Amino acid sequence: MTPSADQVAAFQANGGFSPATVSTVVLGFVFAVLLLWGVWAMRTAYVGWAEERLTQRQFLGVVARFAALYLVLSFFLLS
């Protein structure tokens with residue numbers, strides 16, 4: 001549902017910024033959190049693999065899941 005011109009004007013008058021700006025900031029925050037979580041998950045998995053608590057297959061599974069999650073979220077949020 002797209003907002004009407006009156007709704008956009010009211011939002012901009014009360015907030016001082018456009019809805020597109022809010023959308024950009026929220027998307028940037030989501031991707032920043034996702035990347036930080038991914039780095040943490042892959043680092044933790046690497047440490048587990050290096051200390052031989054995880055197999056190489058499990059380590060690659062963590063990396064593949066993160067890559068899949070990033071691609072799916074990119075597709076849904078940026079399209």
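I started with F59, which is buried, with a relative accessible area of 16%. My cut-offs: buried means under 20% relative accessible area, exposed over 50%, partly exposed in between (1.4 Å probe, protein chains only). A note on what I'm looking at: this is a predicted model, where local features need pLDDT of at least 70, side-chain atom pairs count only at pLDDT 80 or more, and totals for chains, interfaces and linings use all residues. Residues are numbered from 1 along each chain as its sequence is written, and side-chain values use heavy atoms, with hydrogens and water left out.

Next I looked up aromatic pairs. The whole structure has eight of them. Rings of Phe, Tyr and Trp (its six-membered ring) pair if their centres lie within 6.5 Å; planes under 30 degrees apart count as stacked, over 60 as edge-to-face and the rest as tilted.

W37 is in helix α2 (residues 19-50) and F66 in helix α3 (residues 56-78), so the pair links distant parts of the chain, 29 residues apart. For helices I used DSSP runs (H or I, at least four residues), numbered from the N terminus. W37 is partly exposed at 41%, whereas F66 is buried at 11%.

Back to F59: which kind of pair does it form with Y46? Edge-to-face, at 6.2 Å centre to centre and 65° between the planes. Y46 lies in helix α2 and F59 in helix α3, so this pair ties together parts 13 residues apart in sequence. Y46 is partly exposed, at 44%.

Last entry: ring pairs link F31, W37, F66 and Y70 into a cluster.

Definitions and conventions
Helix = DSSP H or I, 4+ residues; strand = E, 2+ residues; numbered from the N terminus.
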